[in-house]
Structures are given as structure tokens and as C-alpha cells.
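Visitor: I would like to learn how to read the pockets and cavities of a protein model. Please take me through them one by one.

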Amino acid sequence: MADDPAVFLLGEDIRVAASSLTAGLLGRFGPDRVLDTPLSEQAFTNFATGAALAGMRPVIEFQIPSLLFLVFEQIANQAHKFSLMTGGQCKVPVTYVVPGSGSRTGWAGQHSDHPYSLFAHVGVKTVVPATPADAYGLLVSAIRDDDPVVVFAPSGALGIRDDLDFGTLVPVPLGVGRVARPGSDVTVVALGHLVQDALSVADELSGVGISVEVFDPRTVYPLDVDGLTTSLARTRRLVVIDDSNRTSGFAAEVLAVAAERCEFDSPPRRVTRPDGAVLPFALALDRAVQPGRDHLVTAIHAVLEKS
């Protein structure tokens, strides 16, 4: 916002930083660039598309991930298609910042969806950071990109703290993953808050002689296929842990890409939410349904035993 006056924020209750993501920005940039909106996602999402077509770079903050269902048409069928339909004459640089699921705190049925695979399916650029540095780097790249970009901010990762030197932080290119931990026995692909679970499991299993490589794609679409296949060439075994529904989810896409390009010593495994999962309000059931450490450990042992 300091570098580019075309960047402005809009959303519900962002001036009071209801979700803490916009804290301090009203005082620094003023009410003309930090806009509270009515409770109508369709209205302010289309407003942002119009502003982008007029040369601005809007950043929308949503309050609940399930609200994306209300604006899927505005993003996937309108903002996403303008550039193609005009032969590149129109740009729609809108960034949609969405609190992800994964908090395991009982958000219940209509607040807990994690629909990043839907946007990837229709070709909308979609990112899910796992660390504070990546949250910064991916968000900067998303805002500077001339296409719509959906940024999922996993609630389960909001408690992660790092000492960051903003003088050394750099944008993270969209479509470039990272090896969060090198290993040789099995590759675990994880996104967002699940990267921390995967790293914790890797530490635990190293004590019994199992070497786990953790690959964080960072970007759901476009997927870093080269990074993924390079990791799998080292380990020849794959487990994907994915906090979304099983059928047609991100984990299924990773397994399909890997099957087309790689050879394995054992069948790959997915750790996901169950098919058609609606997260329950009861905390014990909520945590049992969402993928986590115990599910991942079981899948890794299964892959190694099948080798």
C-alpha cells in the first residue's frame, strides 16, 4: 500500500480489524483506502472487479471461508475470464484474502469449508501459505499479479510466530513450492497449517529411523510440478495430507500428477477430510474428522509397509 496508491482494502469490519489481519492500516492509510462494506459479498466482490478494470488493485478480506460459495460466480465466471475474453486488453488484479479452516475450534458446518480446490479447478490462481514469511511473500506477489488471486490464510497457522526482518523479505513467486524438510524415505505433501503437523511427524519418525521429506507447494494453482516430481524422484513414496474433502480435492490432483510422471515403490496415500464432510460443532468430533498427526503417521507407515 505504501508503494502503490492503487492498492486499497475492502471488506466487512476491516476498519476495526475484526480478524486482526488489517490492524493499524486505517490509521496509516486512512478511510479512503480502507473501506468497510455492507454485508453483501456479491456486491463488494463485483465492485472490486469494476475497480480493477478501472486501474485499481483491490484487496478483499472475507470473514468466513464458506462465504466464497456466494461469490464463486463473480470470481470464476467474471473476474477470472475478463482478460481472456478481451484478448489481454483488460486486467483484473484483485486479491481475495480468505481465512482458511483448520483451527479445530468448532467452526461447524457453514463456517468450516476449505474450497481452494474449487478455484484451482477453474484455473484461478490460489495460494495457501504456511509460514509468516511465505504469507508476506505470497500476498505481495498476489497483489502485484495482474490476474485474480485467492489467498487462503489458514486459521490453524495464525498462531505461528517468527522474528522477521522486513528489510530482507522478498516476494514469493506464484507456482514455486519449497522443501520444508529434506528426507529420503517418503515425501509428504502438505499445505498451510498442515505443514507444521507434517514437520512434527517427521521429527517424531526420525527417532525410529524413518526419513520424511516435507514438500510445501505453497501454490495450489499453478502447482509446482517440477518441485513435486524432483522430491518424488528422491523418495519414490508419497503421502498427501490435505484439509479439504476427499473426492476431486487437491490431494487427488497431486496423486494424479505424480502417477503420470513418477514411479513408486508403493501405492501413494491420501489423508483428507471424509467425503462430503460437514464439520460438527462438537470439538471432539471436529478434531476427529479433520486430518492431523495421527492420520498422517498411519498413512506413512502404510506406505512404507507396502514397499
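Predicted model: local features only at pLDDT ≥ 70, side-chain atom pairs only at ≥ 80, totals over all residues.

Visitor: What is the volume of the largest pocket?

Guide: A pocket is an open set of points, whereas a probe in a cavity cannot get out. In this structure the largest pocket holds about 1400 Å³ of space. Its lining is made up of 41 residues, and those closest to the centre are L21, A135, Y136, L139 and V140.

Visitor: Which element gives the most to the lining of the largest pocket?

Guide: That is α6, with seven residues. The helix α6 spans 132-144. At least two lining residues also come from each of β1 (7-11), α1 (25-29), β3 (57-61) and β6 (149-154).

Visitor: How do the residues of that lining divide into nonpolar, polar and charged?

Guide: For the largest pocket, 31 lining residues are nonpolar, three are polar and seven are charged.

Visitor: Where does the second largest pocket have its centre, in terms of the residues that lie nearest?

Guide: Nearest the centre of the second largest pocket are S117, L118, S248, G249 and F250, out of 22 lining residues. Two or more residues of this lining come from each of α5 (116-121), β10 (219-221), β11 (238-245) and α9 (250-261). The largest share is that of α5, which supplies four residues. As for volume, the second largest pocket has about 460 Å³.

Visitor: What classes of residue are in the lining of the second largest pocket, and which domains does the lining draws on?

Guide: By class there are ten nonpolar, eight polar and four charged residues. By domain, at least three residues of the lining come from domain 1 (7-157) and at least three from domain 2 (178-304).

Visitor: How many cavities of 30 Å³ or more does the structure hold?

Guide: There is one cavity of 30 Å³ or more. The volume of the largest cavity is about 40 Å³.

Visitor: Which residues line the largest cavity?

Guide: The lining consists of H114, Y116, V128, P154, L191, G192, H193, L194 and D243. Five residues of this lining are nonpolar, three are polar and one is charged. Domain 1 (7-157) and domain 2 (178-304) each give at least three residues to the lining of the largest cavity.

Technical notes
Residues numbered from 1 in each chain as written. Heavy atoms only, no water. 1 Å grid on protein atoms, 1.4 Å probe; cavity = no way out; pocket = protein on both sides within 12 Å on 5 of 7 lines; lining within 4 Å. Points joined across faces, edges and corners; volume = space filled by probe spheres on them. Nonpolar A, V, L, I, M, F, W, Y, C, P; charged D, E, K, R; others polar. Domains from an automatic or database assignment.
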